[in-house]
Amino acid sequence: MSSVLITGCSSGFGLEAALSLAERRWQVVATMRNLDKRVRLDERVTAAGVRDRVDVVALDVTDPASVEQAVKETLAITGGRLDAVVNNAGVSSGGAFEDVPDDEIRRILETNFFGVLNVTRAVLPIMREQRSGRVVIVSSDSAFYGAPAMSAYTASKWAVEGWAESLAYEVEPFGVRVICVEPGAYTTEIWDNSPRIKPGDSAYAALAEPIERFVDDKLIPHARDPREVGEAIARALEARTPRFRYPVGPDARAMAAARGILPRRAISFGLRKYLGVDKLDL
């Protein structure tokens, strides 16, 4: 039975990846920062009849001591072997750059970028010794185009993609493959848990209003089932020769196809129209 450690499994993509892989007979170590939030995962794996294939371990990706302890517990569960890691834990927030305090930007980068580095650094020695392993990073289609009020989140995803491209060259000779899974808009708790930063005296208030309407009225209601992303992660882990990038969802695939073909001016024009900010006069 192949083994995998997954971060951020209390909900969303991490939960769905844990379930999809357990159903494919993987030995899953599902981790989350707060074990009080494991109830939904426990219910889903029990209902699917795969409870015996899923162990739950505490892991805070921003705390190196927590990462070290979680990897130690994982190896005790798996008998010292680890075939894959899925770096899924992530956070976000919305707000114009000038309005977002430094500590909020650092919070996002600590989880979405440095958290991925912390976990990957902890498991690479195991995979190198095995001469095999797969490192999955759940990135985003936002890694490749900026959007208003999303600069911190976008920066974290651009950073992790560049790091992953570089890392792939370094570890491939050891039999380790790096994979980026890049979802578009999916229904997860990140929409509810992400603060919207908009001070009353913000110079960008007129920009925030149409973007909030777009998110609440169009984006969230039409977001797709996160199960699709869990299944995409599973397929990437089981592919004989995995691709480096897996855009997931029609919007992510469309943006991937547009990269390198459409000039930035055309993408920017389309994005402004799509968000309803094309006629703003601040």
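About 40 Å³ of space lies in the largest cavity, a cavity being a set of points on a 1 Å grid over the protein atoms alone where a 1.4 Å probe fits but cannot get out; the points are joined across faces, edges and corners, and a volume is the space filled by probe spheres set on them. The model is a predicted one, in which local features need pLDDT of at least 70 and side-chain atom pairs count only at pLDDT 80 or more, while totals for chains, interfaces and linings use all residues. Residues are numbered from 1 along each chain as its sequence is written, and side-chain values use heavy atoms, with hydrogens and water left out.

The search of the whole structure returned two cavities of 30 Å³ or more. The lining of the largest cavity (residues with an atom within 4 Å of a point) includes Ser93, Gly94, Gly95, Phe97 and Val100, together with Ala149, Met150, Ser151 and Ala152. This lining divides into six nonpolar, four polar and no charged residues, where Ala, Val, Leu, Ile, Met, Phe, Trp, Tyr, Cys and Pro count as nonpolar, Asp, Glu, Lys and Arg as charged, and the others, Gly among them, as polar. The second largest cavity holds about 30 Å³ of space, and its lining comprises five nonpolar, no polar and three charged residues. Asp141, Phe144, Glu182 and Arg259 are among the residues that line the second largest cavity, and the largest share of that lining, three residues, comes from helix H9 (residues 250–258); helices (H or I, at least four residues) and strands (E, at least two) are DSSP runs, numbered from the N terminus. Arg259 also lies over the face of Phe144, at 3.7 Å from the ring centre, the criterion being NZ of Lys or CZ of Arg within 6 Å of the ring centre and within 35 degrees of the ring normal. In a further contact of this kind, the charged end of Arg243 sits over the ring of Tyr246, 4.0 Å from its centre.

The second largest pocket (an open set of points with protein on both sides within 12 Å along at least five of seven lines) has a volume of about 400 Å³. Of the 18 residues that line this pocket, Gly146, Pro148, Arg264, Ser268 and Leu271 lie nearest its centre. Helix H10 (residues 264–275) supplies the largest share of the pocket lining, six residues, and the lining as a whole consists of 13 nonpolar, two polar and three charged residues.

Two aromatic pairs were found, with rings of Phe, Tyr and Trp (its six-membered ring) taken to pair if their centres lie within 6.5 Å, and with planes under 30 degrees apart counted as stacked, over 60 as edge-to-face and the rest as tilted. Phe13 and Tyr186 form an edge-to-face pair, with 6.0 Å centre to centre and 80° between the planes. Phe13 lies in helix H1 (residues 12–23) and Tyr186 in the loop between strand E6 (176–183) and helix H6 (190–193), so the pair ties together parts that are 173 residues apart in sequence. Both Phe13 and Tyr186 are buried, that is, under 20% relative accessible area, with exposed meaning over 50% and partly exposed in between (1.4 Å probe, protein chains only).

Strand E2 (residues 27–32) has six of its six residues buried, so it is largely enclosed by the rest of the structure.
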